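Please look over the model shown below before reading the notes that accompany it.

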Amino acid sequence: MKKRMPKSVDLVFVTLSSPIQVGVYEEGELIRRVVSEEKSSDVLPKIFDDLLKEYSVKGLYYANGPGSFMAIKIAYIFLRSMSILKNIPLFATDAFYFNKNQPIKAIGKLYFVKISSEIKTQKLETAPEAVFLLPDVLEYNEFSTAASPLYAIGAVG
């Protein structure tokens, strides 16, 4: 009996807020979505392990900020480690790609906003809740191999 080769896919991680979302993309098309309300530090290894049993992973993609610095750090450390250990390239883009460029809560009435290609903080009296969604089609040109978290965003406070 011939063993079937696993599908070759890309995994996209959006861990900036709850729920955590992981998209499985084949040739840029979303074929599966994994959603969890658990803490990223607890659930990322489990989701990743489960997906590795089913698919051949050719690329890791994630939102590297802005958002919860702790969530971003956990995702980056985990994904960077898996990238090195499994020899899978890691790519990143900013969180605005996953929320249609809506303001992202920072602290108090401060929000992260993206104007042109610059991310700043801005005081807003009211802003829509930032809802992050996995796109149906992945735009690879929106991602970069410069995958470090976005720490160089203006001071919040």
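The briefing below covers a helix pair and a sheet.

This is a predicted model, in which local features need pLDDT of at least 70 and side-chain atom pairs count only at pLDDT 80 or more, while totals for chains, interfaces and linings use all residues. Residues are numbered from 1 along each chain as its sequence is written, and side-chain values use heavy atoms, with hydrogens and water left out.

**Helix pair**

- Helix 1 (residues 40-54) packs against helix 2 (residues 69-86) at an angle of about 30 degrees, their axes lying 10 Å apart; helices are DSSP runs of H or I with at least four residues, numbered from the N terminus, and axes are lines fitted to C-alpha atoms over the stretch in contact, with angles running from 0 to 180 degrees between N-to-C directions.
- The two helices, helix 1 and helix 2, are therefore roughly parallel to each other, a term that applies to angles under 35 degrees.
- Ser40, Ser41, Leu44, Pro45, Phe48 and Leu52 of helix 1 are in contact with Ile74, Ala75, Phe78, Met82 and Lys86 of helix 2, where contact means heavy atoms within 4.5 Å.

**Sheet**

- Strand 7 (residues 110-115) runs antiparallel to strand 8 and is joined to strand 8 by 6 bridges.
- Lysine 114 has isoleucine 119 in strand 8 as its bridge partner.

Methods: Pairing = 2+ DSSP bridges. Parallel < 35°, antiparallel > 145°, perpendicular 65-115°, else oblique.
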